[in-house]
Amino acid sequence: MTKKEKKLNLSITNPRVFDAVKLLCALLIALVITFLVLCLISKNPVKAFFTILTGPLSKRRYFGAVIESFIPYAFAGLAAGILFKSGAFNLGAEGIYIISGVSVAAVACSSITTSGFLHPILCVLAAAVTGGVLMIIPSFLKAKFGTNEMVVSLMLNSIYLGISMYLIRTFLLTKTTSTIGSKDYLPTAKIKYLYEPLRISPAFILLIIVTIVLYLVMFKTKLGYQMRLAGANPKFAEYSGISAFKLAIITAAMAGVLAGTGSAIQLLTQSSFYQPDKTATGIGFSGMLLAMLGRNNPIGIVVASFLIKYLEQGASVLYFSDTSVPSEIVAIVEGIIILLISSQYFLRGFREKMLLKEGLKKDAK
Amino acid sequence: MAETILKLEQVTKVYPNGTVANRDINMEFEKGEIHSIVGENGAGKSTLMKMIFGIEAPSSGTITYKGQETHFSSSMDAIKAGIGMVHQHFMLIPSFSIVDNIILGDEPKKGIFINKKEATKKTQELSDKYGFELDVTALVSTLSVAKRQKVEILKTLYRDAELIILDEPTSVLTPQETEQLFVQLRSFKEQGHTILFISHKLEEVKKISDRISVIRNGISKGTYRNDELTMEQLTSLIIGRDLDNDMDKYKTHENFENKKALVVDDLYMEMNGKPVLNHVSFAVKKGEILGVAGVEGNGQGDLVNCITGLEKTKYTGTITINGTEASSLSIKQRRDLKMAYIPEDRMGDGTAGKLPITDNIISTYYEREDINHKLFMNHPAIDLVSDNLIRTFAVKTDSNKTTVGSLSGGNIQKVVVAREYNTKPEFMIAEQPTHGIDIGSAEFVHHKLIELRNAGAGILLVSADLNEVIDLADRLIVMFDGEIAGYFPDANHIDESSLGMYMLGAKKQTAEEIGGALND
């Protein structure tokens, strides 16, 4: 056996490399199945397949749409990732996306500043604070009274929608539309593009900064260490003297700030006024899937968000030319990847065989 | 030549994490013998038993039972074939009666109903036949540990087991109860049952076995007739060298001015209206090991949880750690008083199996200045600390990034002990510090505890392993039913069987005698 082969063997048994291989296989299988589905519904499946994969690159504005739309999803993914990493199953990001919008609308509709630079920043800050405070509730109740945070956070999602509707109807209702929506934001509140053709805005830069900071926090700081410990074994974290209460509050607040920020960016880049029941539409929940795809690693989450939004855009492009293929086809890709990644058994037999070989080889020495 | 009931040929088991638990095991078991399997923990005994009992499938090799090659897909198949297993941790439902526990999964039916009458009759007859002295209508929750074990054995007999596997059966028993169990095992043998006895207590193995098989590092080291082996030969077969049992000679006796590392005064705690700790008072001096003996579940766990701060239930009384009243302090604050703790449940409390050694080995001092350098943690420093500890404590691993969960029990315990040792404690609680780990690692852990003691730390050693407590402790208390039942100021001169009387609650010292635990 040559040296190179031996190294390859070793690397497959390495859990990290194995995870990457698993991800690639999952992606490949998902694409193959998508192609098979396309064969059933499209007259020209090969062309359709390539349009999905390369469509977003065909025009600048298509690619720009990917960049703009993936940012709020990435923030939702980061929020979920930070919670999952520390072992909290708080599913409240959806509700935070909705109710933070009230703060965004309140600030964006008021003329507290005339600066086009400051106004969006204030909007984002208001949303971040709202999110940070409200996300704590389920985690606080769990740490203090032992309630089930999953149930509480899910119920709060509905409650927040109701509260948002009430607040908008009472204080900010526009007189012109029949649905419940706020007044139009003042023009100063919009987030301006730095490079319009690709729709690159300060939000994009913020996302990159936040991702790097989060990565450092998670893997290089004391707080990240505490989170990893609590996430891997909460009893061990407690035994080691880490206050579960403090940690739960801090991580929930961080996740809330991220979700609030994502919500503000979503509203200020993709709409001109705020409608509570049209704001989130699943972004918070998609965040959880993205966290899973990205293995709770901030960089992984952002990459996953980009890939998913890229494929969705590809499907939309396809829809322009071939209406026989609904753009929901991307959901197949998403679903299969998540199914395969989260499966404990996928490729396990293969890995065990490799381990058996390696173990016996090592033993024989 | 006796009839062979079970035969293992070239049996190999590799776990998904890459551990080779068994390698090319060849063994034969004869009908009607008591056959012991000995080896250090982590040597592969449990894995071998799991394969025989159908819980795990061998990676390669064949198992032949009664002349037929078997491929059990679950323990149900093994039970049907006539193999029974009594696990180290009992699989009983406390709120059910003995009968209900025994017939569970194999109920005699009358129409669609369970024929309780017949079940009771059959079970009682079985119990009487083998001299178990059980009232089979009693609830399991009212039984002592020894009686629960009998129920487990009865369960295998009810299912017509011809081959009974007993996994560390004596680890929960007092010396007297062990004696009783052995009488019973011999009677099973006479009735034609084959007993597979797994233990790491060699004296017991020598006492009960017809033949002994030794496993070391997953490899079979041969099967011997009991009478052709001496104790010393057996020991060196198991660990590959001679063992040093006398811990006393390593102890030094410096004067630490009778300073107290821990004072527990009048500790009282109730759970569900019953006192689990009933006015317990004792002290641990600096430079001594105070042993706490007792059958598991007599308040030792609650006591430890109160001292470490893991217990959140209200209790009365005071706990003073290194001179500071600590009963209202958090776990972290108590650790800051130079307290360290080796927990009983190393996978549940003591480590995070999914994380690498580096993360596990610094968890109790990750805020120390060299490790948490201002904004970021200092990863080169963490690697350095980890590598040093891995070397000093001889943890068997390829790298400091190996996940703790893929190490063997003994090596996981070494990681825990290394971490606690590295906090330079002045008071340490060692709860079952060598429970279920190999002899070599256990010896190592014992030496480290003595080292700490010699350096002036006070150590509270809680263990159900009598030999361990007697070998290590300077003074000793025995707990029974949430109280201190006996106090022995000199642990070197204790007779094991009299200790057993206190452990079972058959004897209790006067308040004055017990008071010495606090005041000596």
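1. In chain B, the centres of domain 1 and domain 3, taken over C-alpha atoms, are separated by 37 Å. The assignment divides chain B into domain 1 (4–239), domain 2 (247–338 + 425–519) and domain 3 (349–423); these bounds come from an automatic or database domain assignment.

2. This is a predicted model, in which local features need pLDDT of at least 70 and side-chain atom pairs count only at pLDDT 80 or more, while totals for chains, interfaces and linings use all residues. Residues are numbered from 1 along each chain as its sequence is written, and chains are lettered from A and ligands numbered from 1 in the order in which they are written.

3. The radius of gyration of chain B is 24 Å, which agrees with the value near 24 Å for a compact globule of 520 residues (taken over C-alpha atoms; the rule is 2.2 Å times the number of residues to the power 0.38). The C-alpha trace of chain B spans about 65 × 50 × 50 Å along its principal axes.

4. Of the 520 residues in chain B, 46% are buried (20 or more other C-beta atoms within 10 Å of the residue's own, with C-beta atoms placed from the backbone). Chain B has 18 helices and 24 strands (DSSP runs numbered from the N terminus: helices H or I, at least four residues; strands E, at least two).

5. At the interface, 24 residues of chain A are in contact with 28 residues of chain B (C-beta atoms, placed from the backbone, within 7 Å). On the side of chain A that touches chain B, helix 16 of chain A gives the largest share, eight residues.

How values were computed:
Contact = placed C-beta atoms within 7 Å. Buried ≥ 20, exposed ≤ 12 C-beta atoms within 10 Å, placed from the backbone.
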